[in-house]
Amino acid sequence: MTNEIVINSIPEEFMYKKLGGQSCSGDCYETKDGRVFKKYKSSINYYQILKNIADYYRCSHLALPEEFYFLKSLKEENFIGYTRALVNGVTFSNLQDNINMIKFIKALEFLEREMIENSRRGLLYVDMNKENLIYTPENEIKVIDQDLYDIVFSHPYIKPVPDSMKDLASTIISVMFNSFDFPNEKINANINKCGAHVGGRLTPSQLLTETANILESTQGTTIQTLGDFRNNIELARKR
């Protein structure tokens, strides 16, 4: 469970070093004791949704708030930010070419399983962009920044499991494929199945696995790293 803490002012040690990345809702800082403090600048109050997610959907891939801070009194309108654990690793916008392909896919499979379990319980994943997905030295994928998430149990137009997976798929396609126009129709069809859920469904991990198999069989190569995958994708695009 999370803790709610009242403070009279934001301690200087909470804003020891500003972290990179852009956020419309607030700024993130590394604290002096090696955690993350997110300070909100928006008039929109994210407290209730963040608290519900942190209390009821806590799992290994979500880097969730642990302490919520309020100025002067414990009123929702006085919510100013939260602290959480610092996640070490690289964002998906900076994935290195030497990352092992099999380990990356296994980490993606684990993330998908937990996402599906949470989505079946109503959690809608939103804004899983390249800066909010982090690949750690332990070969795990962590997800930060849940400001735009929602909890949807019954809605005529929102389906948490496929909608959440499509949000992840769009990022994987952007990072690993760059575009949708390949001479190989099987690759194009699989991208559509994953990103747009057309003609069946593929998870992002299945898309990477099937594409790697296609590239190895058609180009006579062996794909061991993300760099191998990216290089062969570019060759496939030019054929």
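Trainee: What share of the residues of the chain count as buried?

Mentor: Of the 239 residues, 47% count as buried; buried means under 20% relative accessible area, exposed over 50%, and partly exposed in between, with a 1.4 Å probe and protein chains only. Keep in mind that this is a predicted model: local features need pLDDT of at least 70, side-chain atom pairs count only at pLDDT 80 or more, and totals for chains, interfaces and linings use all residues. Residues are numbered from 1 along each chain as its sequence is written, and side-chain values use heavy atoms, with hydrogens and water left out.

Trainee: OK. How many helices and strands does the chain have?

Mentor: Six helices and 11 strands. Both are DSSP runs numbered from the N terminus, helices being H or I with at least four residues and strands E with at least two. The C-alpha trace spans about 65 × 40 × 25 Å along its principal axes.

Trainee: Let's zoom in on S164. Where does S164 lie?

Mentor: In helix α3, residues 160–176.

Trainee: Buried or exposed, and why?

Mentor: S164 is buried, because its relative accessible area is 0%.

Trainee: What does the side chain of S164 reach?

Mentor: It reaches the backbone nitrogen of Y125 at 2.9 Å. There's also a polar contact of 3.2 Å between the side chains of S164 and S119. A polar contact is a pair of N or O atoms within 3.5 Å; within protein, one must be able to donate a hydrogen and the other to accept it, and residues adjacent in sequence count only if both atoms are side-chain atoms. Leaving out residues up to four places away in sequence, S164 touches M115, S119, L123, L124 and Y125, where contact means heavy atoms within 4.5 Å.

Trainee: Now D147. Where is the place of D147?

Mentor: In the loop between β10 (141–143) and β11 (150–151). D147 counts as buried because its relative accessibility is 6%.

Trainee: Which side chains does D147 have polar contacts with?

Mentor: One is K38, at 2.6 Å. Another is Y40, also at 2.6 Å. Residues that D147 touches, beyond four places away in sequence, include S25, Y46, I49 and L50.

Trainee: Back to helices. At what angle do α3 and α4 pack?

Mentor: About 145°, with their axes 8 Å apart. The contact is made by K166, A169 and I173 from α3, and I191, C194 and G195 from α4. The axes are lines fitted to C-alpha atoms, for helices over the stretch in contact, and angles run from 0 to 180 degrees between N-to-C directions.

Trainee: What about α5, which of its residues are buried?

Mentor: Among them are P204, S205, L207, L208 and T211. What covers the buried residues of α5 includes α2, α3, α4 (185–195) and α6. Just after α5, G220 takes a positive phi of about 60°.

Trainee: And what do the buried residues of α6 pack against?

Mentor: They pack against α2 (101–120), α3 and α5 (204–219). The buried residues of α6 include L226, G227, F229 and N232.
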